[in-house]
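Dear colleague,

I am passing on the structure we spoke about, together with my notes on what turned up when I went through it. Please read the notes with the structure open beside you.

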Amino acid sequence: MSMPMKSLVVACVLAAAGAASAQDQVVNLYSARHYATDEALYSGFTKATGIKINRVDSDDAGIMARLKAEGAASPADVILLVDAARLYRGEADGLFLPVRSKVLEDAIPANLRATPVADGGIPWFGLSTRARVVVYNKTKVNKDDVDTYEELGDPKNKGKVCIRSGSHPYNLSLFGAVMEHVGEQKAEAWLKGVVNNLARAPKGGDTDQIKAVAAGECDIAVTNSYYLARLMRSDKSEDKAVVDKVAVVFPNQQSWGTHMNIAGGAVARHTKNQANAIKFLEYLASPEAQNYFANGNNEWPAAKDVDPGNPALKAMTGGQPFKSETIPIGAVGANTVKVQQMLDRVGFR
């Protein structure tokens, strides 16, 4: 081979290696998290590893529809979704690649991740948690009348309850958890009781339910904890006025514990950067990232032994630990299909 030809071959090999190296240093992220504070997560990962994140933002349904449409041609490496019901659906639809990671398995409790598949791979991992709590008018309602989820369907609270759509994933997961604890028959009877206790037709988001209690439209509401924490940390006078009128209870402290939902992540089924995708999920389970979740979006860490240090979360519980349920979150997601059928039967829209 002539010297010019040899040089050309070497140059091509080096160029190809450089291109492959550049391609390796990327993670293509499809994210349903819409929190500005998450930017610190992404920049922190890139700073620590040199791996660039290309992000596509959409809602959960949009992400799953896109993954299905793209199929094997999808560039996605990591999927971040909010809510156990959505993660379960993504797993059931075959959109995730089950993976093994000692770092993730050591950090994330077994009940906050998917059930392993036959080869031990895990389809998804919870990365942060949020409590589904009860907010009530502290001048009209006794805490003892709302300190269990069951009491939301008790006739003593007729005409007092505000809640968002029963079919919203946050509620589907709560109802799926109740079903896991009490069984199908009792869960459906309970849901019928909740419908009978509504002060108004379900509408709006969780923040709207809290504000409705403060405004006197209802006396009791259900919300994810981080929505209340946002109001508690707000500097706006109108938000402070809302917080002053309500109190919060973490239900079922004397029984199975408060329902905890999750935001979580998975490696995309057709990832082209599997090692980097796993590395990114491992970073999200690190103490640094877990504290971003806690202080940026008022979520509790999913990883073990991480103190969130969030003043609003501590204020909600009086600085004391609370009992959370320990049922597998994957089972909760699996129950939501039957729950939706129950909602249709009892007229919970």
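Met64 has a relative accessibility of 10%, and because buried means under 20%, this residue counts as buried. Please bear in mind that the model is a predicted one. Met64 lies in helix H3, and if we leave out residues up to four places away in sequence, Met64 touches Leu81, Arg86, Arg89, Gly90 and Leu95.

After H3 comes Gly71, which has a positive phi, near 60°.

Asn261, which is 183 residues from Val78 in sequence, is 20 Å from Val78 in space, C-alpha to C-alpha.

Helix H6 gives another picture of burial. Eleven of its 14 residues are buried, so H6 is largely enclosed by the rest of the structure. The buried residues of H6 are Pro169, Tyr170, Asn171, Leu172, Ser173, Leu174, Phe175, Gly176, Ala177, Val178 and Met179. The helix covers residues 169-182, and the distance from its first C-alpha to its last is 20 Å, close to the 20 Å expected at 1.5 Å a residue. Gly183 follows H6, and its phi is positive, near 95°.

I then turned to the pockets. The largest pocket has a volume of about 520 Å³, and of the 26 residues that line this pocket, Thr129, Met260, Trp300, Pro301 and Phe322 lie nearest its centre. By class, the lining of the largest pocket has 14 nonpolar, seven polar and five charged residues. Strand E9 (300-301) and helix H13 (311-316) each supply at least two residues of that lining. The second largest pocket holds about 230 Å³ of space. Lining this second pocket are 15 residues, and those closest to its centre are Lys143, Asp147, Val249, Phe250 and Gln253. Sorted by class, the lining of the second largest pocket has six nonpolar, seven polar and two charged residues.

Some loop residues are also worth a look. Where does Asn252 sit, and is it buried or exposed? Asn252 is found in the loop between strand E7 (246-249) and strand E8 (260-267), and at 1% relative accessibility Asn252 counts as buried. The phi of Asn252 is near 60°, a positive value in a residue other than glycine. Asn298 likewise has a positive phi, of about 60°, although Asn298 is not a glycine. The loop that holds Asn298 lies between helix H12 (287-297) and strand E9, and Asn298 is buried, with a relative accessible area of 5%.

Pro109 belongs to the loop between helix H5 (102-107) and strand E4 (125-137). Not counting residues up to four places away in sequence, Pro109 touches Ala302 and Lys304. Pro109 and Lys304 are 195 residues apart in sequence, while their C-alpha atoms are 7.0 Å apart in space.

With best wishes

Technical notes:
Residues numbered from 1 in each chain as written. Predicted model: local features only at pLDDT ≥ 70, side-chain atom pairs only at ≥ 80, totals over all residues. Heavy atoms only, no water. Helix = DSSP H or I, 4+ residues; strand = E, 2+ residues; numbered from the N terminus. Expected span 1.5 Å × (residues − 1). Buried < 20%, exposed > 50% of the residue type's maximum accessible area, 1.4 Å probe, protein only. 1 Å grid on protein atoms, 1.4 Å probe; cavity = no way out; pocket = protein on both sides within 12 Å on 5 of 7 lines; lining within 4 Å. Points joined across faces, edges and corners; volume = space filled by probe spheres on them. Nonpolar A, V, L, I, M, F, W, Y, C, P; charged D, E, K, R; others polar. Contact = heavy atoms within 4.5 Å.
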